[in-house]
Amino acid sequence: MSSNRSVTLSDDSNGKTWKFPVLAGSTGPDVIDVRKLYGDTGMFTYDPGFTSTGSCESKITYIDGDEGILLHRGYNIAELAERSDFMEVAYLLLNGELPTAEEKADFIHTISRHTMLHEQITTFYRGFRRDAHPMAVCCGVVGALSAFYHDSLDINDPHQRMISAHRLIAKMPTIAAMAYKYSAGQPFMYPQNNLSYAGNFLRMLFGVPAEEYVMNPVIEKAMDRILMLHADHEQNASTSTVRLAGSSGANPFACIAAGIASLWGPSHGGANEAVLNMLQHIGDRKNIGTFLSRVKDKNDHTRLMGFGHRVYKNYDPRATVMRKTCHEVLASLGIKDDPLLDLAMEMEQIALKDEYFVSKKLYPNVDFYSGIIFRAIGIPVSMFTVLFAVARTTGWIAQWREMIEDPQSKIGRPRQLYTGQTERPYVPIHARK
Ligand code: SDX
C-alpha cells in the first residue's frame with residue numbers, strides 16, 4: 001500500500017513544513033495518510049460530507065465515477081448483471097472470489113436454512129399501526145433481532161460473525177415481506193426454501209395461502225438483477241453508518257438497523273420512492289419544462305430526484321442496466337406505454353441535453369428507473385426503499401465484516417471546527433435579560 005511518495009504541507013505564516021506519506025491502492029486515487037496530522041501540526045483536516053476523505057481501506061467495491069465503472073471484487077457490474085445472480089454476488093462480496101458450483105450450492109443451502117424468523121418476532125408487527133412506513137418497521141424489527149439470536153452476537157468470534165451475516169442476508173426478505181403483508185392486512189407467507197432467493201421474496205410479497213403462487217420467470221429474473229444492482233456501493237452514507245456503528249463493537253443486527261435508518265433518507269436510498277412521487281407530481285410531459293425550471297432555480301430547493309451522484313460524474317452503470325430491465329419487465333407484462341416510464345425517459349433526454357445538468361455532471365443514478373419497475377411489478381411506493389435495504393444488507397454485512405477483521409480498525413471518532421461560544425461565566429436567572 002505504501003508508495004514511497006510523500007507530500008509536504010507548509011504553514012505560510014511561519015514557514016513550518018510537515019511531510020505526510022502517500023498511500024497507493026491497486027487502482028483509483030492515491031491517499032495522503034494524515035493519521036499523524038493532528039499530532040504533528042495541532043490542526044484537523046476539515047471535510048464536511050467527506051467529499052475528499054477516504055475513511056477506510058477496502059477490497060470489496062471500486063467505483064470510477066468519471067468513467068462510470070463499478071467493480072465488485074474486480075468484476076464489472078454490467079457483466080455480473082448479465083451473467084451472474086444475486087446469491088453468487090452475495091458470496092463474492094462476502095468471500096472475495098466467485099464460488100465454485102459446489103461452494104455456490106452450499107451457500108444457497110445455508111442461506112435457505114436461515115430464512116425463517118423466530119415465531120415470537122411476528123408479534124412485533126402487531127405493535128405497529130397498519131399505515132406505519134415499512135422502513136420504520138424494518139428498522140425496528142432488524143434492531144430487535146439481537147434480542148433473539150444471542151448465539152451470533154460475539155463479533156470477535158469468526159464463526160458467530162459468519163452466522164449473523166447468513167442470518168441477516170436470509171431473513172431480510174422475510175422481514176421486508178412481512179412488513180408489506182402487515183400493511184396490506186394479509187396473512188404472512190412463510191419462506192419456501194425450494195425457491196430462488198428472489199422467487200422466495202416475490203412469493204412472500206405477493207403469495208396468499210388461498211392459492212398456489214405462480215412465478216413469472218421474467219419478474220423473478222428482474223428482481224434478482226435488481227437485488228444484484230443494489231448489493232453494495234463502496235463507502236456510501238448507509239455503509240459508512242454501518243461501519244461507524246460497528247466500530248464501537250455494536251452487534252451486527254444493531255449495525256444493519258442503523259444502515260437501514262440512514263438509507264431511508266431521500267438523498268440516498270429513499271430517492272427511488274421520491275422519483276416515483278416526483279413523476280406522479282409532474283403528471284404530464286407538458287409540465288416537464290416548468291418542473292425543470294424550478295430545479296434550476298437557485299431559490300427553489302426542488303431537485304430532479306434520481307439524478308446526480310457524489311461519485312458518478314458520468315452515467316451510473318446500474319442505471320443503464322436498470323433502464324434495460326425496465327423495458328424487459330414492462331414488455332413481459334404487456335405494458336405497452338407506461339406513462340411514467342415515457343415521462344421519465346423524456347425527462348432524461350431533456351436533462352441530458354440541458355446545460356444545467358451537463359455543467360454539473362448530473363446523470364441518472366440507480367434510483368431513476370428502479371421505481372418504475374417496482375411499480376410495474378405491483379410493489380407499493382412505500383416498499384421501494386425496503387427492497388433497496390434487502391439488497392444492500394449483503395454489502396453492509398460484507399463491509400462490516402471487513403472492518404471487524406481489519407487489524408487497523410478502531411472506533412470512529414471524528415473531530416470538528418468549533419465556532420461556538422468560548423468559555424464564559426454562568427449567569428444566575430435573576431441577572432439574565
Ligand atoms: C444513492 O453514495 C452512494 O453510492 C449512494 C448510492 C448507493 O448505491 O449507495 O449510489 C445510492 O443514494 C443514489 C443517489 C440518490 N439520490 C438522489 O437521486 C437524490 C437527488 N440527488 C441529489 O440530491 C444529489 O445529487 C446527491 C445527494 C445524490 C449527491 O449530492 P452531492 O454529491 O453532495 O452534490 P451536491 O448536493 O453538492 O450537488 C452539487 C451541485 C449543487 O449545485 P450547486 O450548489 O453547485 O450550484 O449539483 C446540484 C446541487 O444543487 N444537484 C442537483 C441535483 N443533484 C445535485 N440539482 C438538481 N437535481 C439534482 N438531483
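A residue is called buried when its relative accessible area is under 20%, exposed when that area is over 50%, and partly exposed in between, with a 1.4 Å probe and protein chains only.

## Basis of the description

The structure is a predicted model, in which local features need pLDDT of at least 70 and side-chain atom pairs count only at pLDDT 80 or more, whereas totals for chains, interfaces and linings use all residues. Residues are numbered from 1 along each chain as its sequence is written, and side-chain values use heavy atoms, with hydrogens and water left out.

Helices, numbered from the N terminus, are DSSP runs of H or I with at least four residues.

K104 takes part in a salt bridge with D85, at 2.5 Å from N to O. This pair links distant parts of the chain, since D85 sits in the loop between α2 and α3 (86-95) while K104 belongs to helix α4 (residues 101-112), 19 residues away. D85 is partly exposed, with 22% relative accessibility. K104 also forms a salt bridge with E88, where the closest N and O atoms are 3.5 Å apart; because E88 lies in helix α3 and K104 in helix α4, this pair ties together parts that are 16 residues apart in sequence. E88 has a relative accessible area of 15% and is therefore buried.

The side chains of E79 and R83 form a salt bridge of 3.0 Å, N to O, and the two residues, 4 apart in helix α2 (residues 77-83), are separated by about one helical turn. E79 is partly exposed at 42% relative accessible area, whereas R83, at 66%, counts as exposed. Elsewhere, salt bridges link E82, R225, K324 and E328 in a network.

## The cavity

A cavity is a set of points, on a 1 Å grid over the protein atoms alone, where a 1.4 Å probe fits but cannot get out, and its lining residues have an atom within 4 Å of a point. By this rule there is 1 cavity of 30 Å³ or more. The largest cavity holds about 70 Å³ of space, the volume being the space filled by probe spheres set on points that are joined across faces, edges and corners.

Residues lining the largest cavity include M116, L117, E119, T122 and T174, together with M178, F188, M189, Y190 and P191. By class, this lining has 7 nonpolar, 2 polar and 1 charged residues, where Ala, Val, Leu, Ile, Met, Phe, Trp, Tyr, Cys and Pro count as nonpolar, Asp, Glu, Lys and Arg as charged, and the others, Gly among them, as polar.

Conventions
Salt bridge = Lys/Arg side-chain N within 4 Å of Asp/Glu carboxyl O. 1 Å grid on protein atoms, 1.4 Å probe; cavity = no way out; pocket = protein on both sides within 12 Å on 5 of 7 lines; lining within 4 Å.
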